[in-house]
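Look it over before reading on.

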Amino acid sequence: MVPLFAQSSFRNSTIVAVALCWCALPARGDTPRNDYPTVARVEYVQECIARNGDNLADLYKCSCAIDRMADRLTYDDFVEAGTFARYATLGGEGGGEFRDPEHAKEKAKLYRSVEAGAYRACGLKVTTPSR
């Protein structure tokens, strides 16, 4: 049998511990929906700056674009769709894997659509890929 003062003390310390744990949880709105690895974000921003004339002033706009894309695509979807979009214009038999299957066309279209929306929202010029 546990003494009465120990029961009360245990109950109070449990309530305090739960309250501390709850307060220590990060706020949901502060963390990105889909957190991409830093390397992937940096690579995307560097490529974006290069595509837009190597103007360092586009650093913030390109960072904005990858943040917008991360709001719409999981990292795995970003990689897969980006791969299909990038290699859809690859010629020959090898490029057929990236351009001919229906799911490849859908993924490339999704990537281009999400990227164009991000570019517009962040003040970057939307370019149409050569096909």
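Rings of Phe, Tyr and Trp pair if their centres lie within 6.5 Å. The model discussed here is predicted.

Q: How many helices and how many strands are there in the protein chain?
A: The elements run α-α-α-α-α-α from the N terminus on. The count is six helices and zero strands.

Q: What share of the residues in the protein chain is buried?
A: Buried means under 20% relative accessible area. The protein chain has 131 residues, and the buried share is 27%.

Q: What share of the contacts with a separation of 6 or more joins residues 24 or more positions apart?
A: Contact means heavy atoms within 4.5 Å. Among contacts in the protein chain with a separation of 6 or more, the share from residues 24 or more positions apart is 60%.

Q: Which residues form one aromatic cluster?
A: The structure holds five aromatic pairs. One cluster is formed by Tyr36, Tyr44, Tyr75, Phe78 and Tyr111.

Q: Why is the pair of Tyr44 and Phe78 classed as it is?
A: A pair of aromatic rings is described by the distance of the centres and the angle of the planes. Planes over 60 degrees apart count as edge-to-face. The ring centres of Tyr44 and Phe78 are 6.1 Å apart and the planes stand at 65 degrees, so the pair is edge-to-face.

Q: How many residues apart are Tyr44 and Phe78?
A: Tyr44 sits in helix α2 (residues 38-51), and Phe78 in helix α4 (residues 75-87). Both residues are buried. The pair links distant parts of the chain, with a separation of 34 residues.

Q: Which residue lies over the face of Tyr44?
A: A charge counts as over a ring if NZ of Lys or CZ of Arg is within 6 Å of the ring centre. At 5.6 Å from the ring centre of Tyr44 lies Arg51.

Q: Where do the buried residues of α4 fall, seen down its axis?
A: The buried residues in α4 are Phe78, Ala81, Gly82, Phe84 and Ala85. They fall within an arc of 165 degrees, so they line one face of the helix.

Q: What should α4 span at 1.5 Å a residue?
A: Helix α4 has 13 residues.

Q: Which residue has its backbone oxygen 2.7 Å from a polar atom of the side chain of Asn52?
A: Asn52 is in the loop between α2 and α3 (59-72). Leaving out residues up to four places away in sequence, Asn52 touches Asp58, Cys62, Tyr119, Leu124 and Lys125. The backbone oxygen at 2.7 Å belongs to Cys48.

Note on methods. Residues numbered from 1 in each chain as written. Predicted model: local features only at pLDDT ≥ 70, side-chain atom pairs only at ≥ 80, totals over all residues. Heavy atoms only, no water. Phe/Tyr/Trp six-rings, centres within 6.5 Å; stacked < 30°, edge-to-face > 60°. Helix = DSSP H or I, 4+ residues; strand = E, 2+ residues; numbered from the N terminus. Buried < 20%, exposed > 50% of the residue type's maximum accessible area, 1.4 Å probe, protein only. Lys NZ or Arg CZ within 6 Å of the ring centre and 35° of its normal. Polar contact = N/O pair within 3.5 Å; in protein donor to acceptor, adjacent residues only side chain to side chain. Expected span 1.5 Å × (residues − 1). Arc of directions from axis to C-beta.
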